[in-house]
Amino acid sequence: LVDREAEALESLARSLGAAWQTLDVRDEAAVAASLAACVARYGGLDGVVSNAGVAPQSAIADCPAELLHESFAINFFAHQWVAAHAFKLLRRQGLGGFLLFNASKAAFNPGPDFGPYAIPKAALIALTKQYALEGGAIGVRANAINADRIRTGLLSLDDVEQRAQARGLELDAYFRSNLLGREVSADDVAATFVHLALAPSTTGCVVTVDGGNIAASPR
C-alpha cells in the first residue's frame with residue numbers, strides 16, 4: 001500500500017497486515033523504485049490498483065495553468081507512471097496481470113466548474129483503453145471504475161454540503177440520490193476492484209459504481 005499520508009497509511013496497513021510505503025506518485029522515479037521494492041519483497045507483481053486523485057474546481061476558461069497542471073499531474077500522469085512501470089514488470093514476468101484505475105463519473109458526466117478534474121479523468125479512461133489494447137497480447141488486462149458520491153476525502157465536507165444544497169437535498173439524501181436510492185460505499189468500490197482483478201476475460205471495461213446515473217453511463 002502506498003500513499004502520501006504516512007500516519008493514516010500505516011494504521012490501515014497494520015490493520016490489514018500489509019506492507020506499506022509513503023510515496024508521491026507524481027514522482028516517476030519514486031514510483032519505479034516502489035514497484036521494484038514490491039517485487040523484491042513478494043517475488044513478483046500480480047497487478048496494481050491506481051487510485052490517486054484530487055478534485056480541483058474552477059471554470060475552465062478561467063482555470064489557472066498551475067491548477068490544471070497539478071490536476072493532470074495527479075489525475076493522469078501519476079496513473080501513467082504507475083501503469084507504465086507495472087506494465088514493464090508484468091511483460092518481463094510473462095504471466096499476465098492487471099492494471100486497475102480509479103476514474104470517475106465526471107469522465108462521462110462533467111459538471112460546471114469541475115473541468116480541471118473531469119478532463120484528466122476523461123484522459124484516464126483513454127489511458128485504460130490504450131493499455132487494454134497493448135496489453136491483450138501478453139495477457140495484461142486494463143479496466144477502470146467510475147464511482148460517484150462516495151464518502152471519501154476527495155472533496156471536503158463543506159464542498160459536499162454545498163453540492164447537496166444546490167440540489168435541494170440534505171446531505172444523506174444527496175448520497176442516496178441515484179437510481180437504486182441507496183448510498184454507495186467505499187467498500188462497494190473496493191469489492192468491484194477485487195472483482196475486476198479476478199475477472200480473467202474482462203479488459204478495456206469501465207464499470208460504474210454509483211447506484212445508477214444514466215447521464216454517466218458509458219456508451
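A: Helices (H or I, at least four residues) and strands (E, at least two) are DSSP runs, numbered from the N terminus. This is a predicted model, where local features need pLDDT of at least 70, side-chain atom pairs count only at pLDDT 80 or more, and totals for chains, interfaces and linings use all residues. Residues are numbered from 1 along each chain as its sequence is written, and side-chain values use heavy atoms, with hydrogens and water left out.

Q: OK, α2 then. Which residues on α2 are buried?
A: V31, S34 and L35 are buried there. Seen down the axis of α2, the buried residues fall within an arc of 95°, so they line one face of the helix. That arc is taken from the directions from the helix axis to the C-beta atoms.

Q: And which exposed residues are on the face turned away?
A: A29 and A40 are the exposed residues carried on the face of α2 turned away from its buried side.

Q: What covers the buried residues of α2?
A: The cover includes β1 (2-3), β2 (21-22), β3 (47-50) and α3. Contact here means heavy atoms within 4.5 Å. Leaving aside neighbours within four places in sequence, L35 is in contact with L45, V48, V82, H85, A86 and L89.

Q: What happens at the two ends of α2?
A: At the start, a side-chain oxygen of D27 reaches to within 3.2 Å of the backbone nitrogen of A29. The helix is followed by G43, whose phi is positive, near 85°.

Q: Switching to the largest nonpolar core: which members touch the most others?
A: Of its 28 residues, L35, L45, V48, L99, F101 and Y131 touch the most other members. The elements giving two or more residues to this core are α2 (28-42), α3 (65-93), β4 (97-102), α4 (115-135) and β5 (140-147). α3 gives the most, with 9 residues. For the term itself, a nonpolar core is a set of buried Ala, Val, Leu, Ile, Met, Phe, Trp, Tyr and Cys residues joined through side-chain atoms within 4.5 Å.

Q: How many residues of β5 are buried?
A: 8 of its 8 residues are buried. V140, A142, A144 and N146 point one way from β5, and R141, N143, I145 and A147 the other way.

Q: How does β5 run relative to β4, parallel or antiparallel?
A: They run parallel, joined by 6 bridges. Two strands pair if DSSP finds at least two bridges between them. N143 in β5 is the bridge partner of L100.

Q: Now N75, buried or exposed?
A: N75 is buried, with a relative accessible area of 0%. Its place is in helix α3, and the side chain of N75 reaches the backbone oxygen of V54 at 2.9 Å. Not counting residues up to four places away in sequence, N75 touches A52, G53, V54, P56, Y117, P120, K121 and L124.

Q: Which non-glycine residues have a positive phi?
A: D113 is one of them, at about 70°, and R149 is another, at about 55°. D113 is found in the loop between β4 and α4, while R149 is in the loop between β5 and α5. At 42% relative accessibility, D113 counts as partly exposed.

Technical notes: Buried < 20%, exposed > 50% of the residue type's maximum accessible area, 1.4 Å probe, protein only. Polar contact = N/O pair within 3.5 Å; in protein donor to acceptor, adjacent residues only side chain to side chain.
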